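The sequence and the structure come before the details.

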Amino acid sequence: MADYLLTCVLAYLVGSVPSGLILGKLFWHTDLREHGSHNIGATNAWRTLGKVPGIIVFVADSLKGQAGVLLGLSLVGTPLAAVVGGLLAIIGHSFSIFLRFHGGKGVATSLGVLTMLMGNVTIVVFVLWFTIVYITRYVSLGSVVAGFLTPVLAAFFSYPMEYIVFTVIAAFLVIVRHRENIKRLMNGTENKV
């Protein structure tokens, strides 16, 4: 039980590290919270700082999800612990203790967790997300659709129940964090990339 608790605490703290904010200030002297959507995630970094910074923030946020899974595997070593570590990293990213429980929307961090747990689902979800974003120029639309379909794909590929439950929770978090984007999409006022 102590190992699970340690996994939760460390994964949450790793996820809480505001990589977009740190990288933006360190390399581009920009506080992402003061520009664009005021979000610290990769999409706002892309819009505010450019493609390369956006990609760098995306990778950094993804690595936090991978780190959460690795913490669960190394400290406890079960599929459930891997899922718990990944989920706590996503929660940390979305509700960072270092940002008064504000943060990003969890898409890149969720993808990082997926890459560690379900490789084939990751590929399908990423291709789907990329295709939607390329065609529509709406990152939020791609993220919401990909989030919604991830549990379906996890079940289709017959992953363990722990993984399927994880995808349901992660999808719920991603969709809830995009609720304002969904309203703007419905009103035709959402920003494009």
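## Terms and basis

A residue is called buried under 20% relative accessible area, exposed over 50% and partly exposed in between, with a 1.4 Å probe and protein chains only. Helices (H or I, at least four residues) and strands (E, at least two) are DSSP runs, numbered from the N terminus.

This is a predicted model, in which local features need pLDDT of at least 70 and side-chain atom pairs count only at pLDDT 80 or more, while totals for chains, interfaces and linings use all residues. Residues are numbered from 1 along each chain as its sequence is written, and side-chain values use heavy atoms, with hydrogens and water left out.

## Helix α1

Within α1, the residues T7, A11, Y12, G15 and S16 are buried. They lie on the same side of α1 because they cover an arc of only 150 degrees around the axis, the arc being that of the directions from the helix axis to the C-beta atoms.

On the other side of α1, A2 and L5 are exposed. The cover over the buried residues of α1 includes α4 (51-75) and α5 (79-94).

## Nonpolar cores

A nonpolar core is a set of buried Ala, Val, Leu, Ile, Met, Phe, Trp, Tyr and Cys residues joined through side-chain atoms within 4.5 Å. The largest one has 23 residues, and those with the most contacts inside it are I90, V113, L117, M118, V121, Y163 and F166. At least two residues of this core come from each of α5, α6 (107-117), α7 (119-136), α8 (139-156) and α9 (161-177), and α9 gives the most, with five residues.

Taking contact as heavy atoms within 4.5 Å, and not counting residues up to four places away in sequence, L117 touches V69, A82, V83, Y159, Y163 and F166. A second, separate core of seven residues includes L23, A42, A45 and V57.

## Annotated spans and F98

An unreviewed UniProt entry lists residues 80-99, 111-136 and 156-176 as "transmembrane region"; such annotations may be inferred rather than shown by experiment. Residues 80-99 are 75% helix and 0% strand, with end C-alpha atoms 28 Å apart, whereas for residues 156-176 the values are 81% helix, 0% strand and 24 Å.

F98 is placed in the loop between α5 and α6, and counts as partly exposed because its relative accessibility is 49%. Leaving aside neighbours within four places in sequence, F98 is in contact with L13, S16, V17 and P18. The C-alpha atoms of F98 and L13 are separated by 8.8 Å, although the two are 85 residues apart along the chain.
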